[in-house]
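Visitor: I am new to this structure. Could you walk me through how to read a few of its features?
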Amino acid sequence: MMFASDNWAGAAPEVSDSIARHAAGSSPAYGESELDRSLERRFNELFEREVAVFFVGTGTAANSLSLTALNRPGGMVFCHRQAHLVEDECGAPEFLTGGARMAPIAGDLGKMHSDSLESAIRRYDPSFVHHGQPMAISVTQSTELGTSYSLSELQQIGSIARDHELPLHMDGARFANALVRLDASPADMTWRAGVDVVCFGGTKNGCWCAEAIVFFHPQHASQLPFIRKRAAQLFSKSRFIAAQFHAYLDDDLWLRLARHANTMADRLVDLIEASPRARLAWPCQSNEVFVTMAESDAAALAESGAKFYPWPRPDADALSLPNGWGLYRLVTSFATTPGEVDQFGALIQAHSVSDPA
């Protein structure tokens, strides 16, 4: 019963097979192979326009290097206060940009409030040198709390970005999970909504280590080749990242894997809602399920073999819990089976011993 993270899942067989097929023989290094070049063309087709795409090995590298390309002296990046950029990247964006700062923005359940974003940007007058200057806006899709921005919400943030002449960055570590929830196209969820650069994640959805930085205005990426090299993210045998993405995109494998993960999350939600003790903390809009339950029940579930994480409450006022209760995150993946979910559901019933009243 593995619900700790989609990072814990292995690789999809199609991805592993593709790496094996391309392991023999020799090939031009550093992104110069035909496999790499053909993949760049596939990203043009995927996003329905000419893009500049750069392959790296981790999501942290993708986020940090894309922001480095957008950096300005004294730069401020406006993002949600619980964004991965703020909470979980060990200062990598600040380090690799050479000192850019994250400006945390309030918002319910992982999504920035447009009014709060507008107010925060206006606080930094570009003519006042002492405060620094606005540099970029970043959204996470899907968010760290398992929610997803609607297309209209993205368009609203995109409009704010244009009004202030700021590039809009998207952390798409779970890009596919949000996309299939919205039943949208990659173009609709990115550049048509005003996104200028997206970090297109594959690792959480069936790849080994495959992330892509995609610029929708190639002229803005002129320094990225040097930035990536200096950050030690230019892989010599880059064909192994390309091989992963080729398999990932073939026959819409990436969408099928994400749909499966989301379907397993929905199945998990149904079982949680049917439990007389556990509660769904808020609606699931991707493959991350947040549940509240008694700490004693969580401990019993863990002792029975269920893997999941306790989670800090995003807003103590908005999520009131009975004494002895906690918030927990459960994540499904392409590898999650219905049996795992049903076993967890049965255990919820067996271990629900605390009175939530």
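Guide: Start with contact, which means heavy atoms within 4.5 Å. Keep in mind that this is a predicted model.

Visitor: Which residues of helix 8 meet helix 11?

Guide: From helix 8 come Phe175, Ala176, Asn177, Leu179, Val180 and Arg181. In helix 11 they meet Trp254, Leu255, Ala258, Arg259, Ala261, Asn262, Ala265 and Asp266. By type, the residues of this contact are nine nonpolar, two polar and three charged.

Visitor: How is a pair of packed helices described?

Guide: Two values are used: the angle between the axes and the distance between them. Here, helix 8 (residues 175-182) and helix 11 (residues 253-274) pack at about 75 degrees. Their axes are 8 Å apart. Angles of 65 to 115 degrees count as roughly perpendicular, and helix 8 and helix 11 are therefore roughly perpendicular to each other.

Visitor: Why is helix 8 described as largely enclosed by the rest of the structure?

Guide: Look at burial. Buried means under 20% relative accessible area. Helix 8 is largely enclosed because six of its eight residues are buried. Those six are Phe175, Ala176, Asn177, Ala178, Leu179 and Val180.

Visitor: What do the buried residues of helix 8 pack against?

Guide: Their partners are helix 2 (34-47), strand 5, strand 6 (197-201), helix 10 (239-249) and helix 11. After helix 8 comes Asp183, with a positive phi near 55 degrees.

Visitor: Now strand 5. Is His169 buried or exposed?

Guide: His169 lies in strand 5 (residues 168-172). Its relative accessibility is 0%, so His169 counts as buried. The His169 side chain has a polar contact of 3.3 Å with the side chain of Asn63. Another polar contact, also 3.3 Å, joins the side chains of His169 and Ser66. Setting aside residues up to four places away in sequence, His169 touches several others, including Leu67, Ile137, Val197 and Cys199.

Key:
Residues are numbered from 1 along each chain as its sequence is written. This is a predicted model: local features need pLDDT of at least 70, side-chain atom pairs count only at pLDDT 80 or more; totals for chains, interfaces and linings use all residues. Side-chain values use heavy atoms; hydrogens and water are left out. Axes are lines fitted to C-alpha atoms, for helices over the stretch in contact, and angles run from 0 to 180 degrees between N-to-C directions. Helices (H or I, at least four residues) and strands (E, at least two) are DSSP runs, numbered from the N terminus. Angles under 35 degrees count as roughly parallel, over 145 as roughly antiparallel, 65 to 115 as roughly perpendicular and the rest as oblique. Ala, Val, Leu, Ile, Met, Phe, Trp, Tyr, Cys and Pro count as nonpolar, Asp, Glu, Lys and Arg as charged, and the others, Gly among them, as polar. Buried means under 20% relative accessible area, exposed over 50%, partly exposed in between (1.4 Å probe, protein chains only). A polar contact is a pair of N or O atoms within 3.5 Å; within protein, one must be able to donate a hydrogen and the other to accept it, and residues adjacent in sequence count only if both atoms are side-chain atoms.
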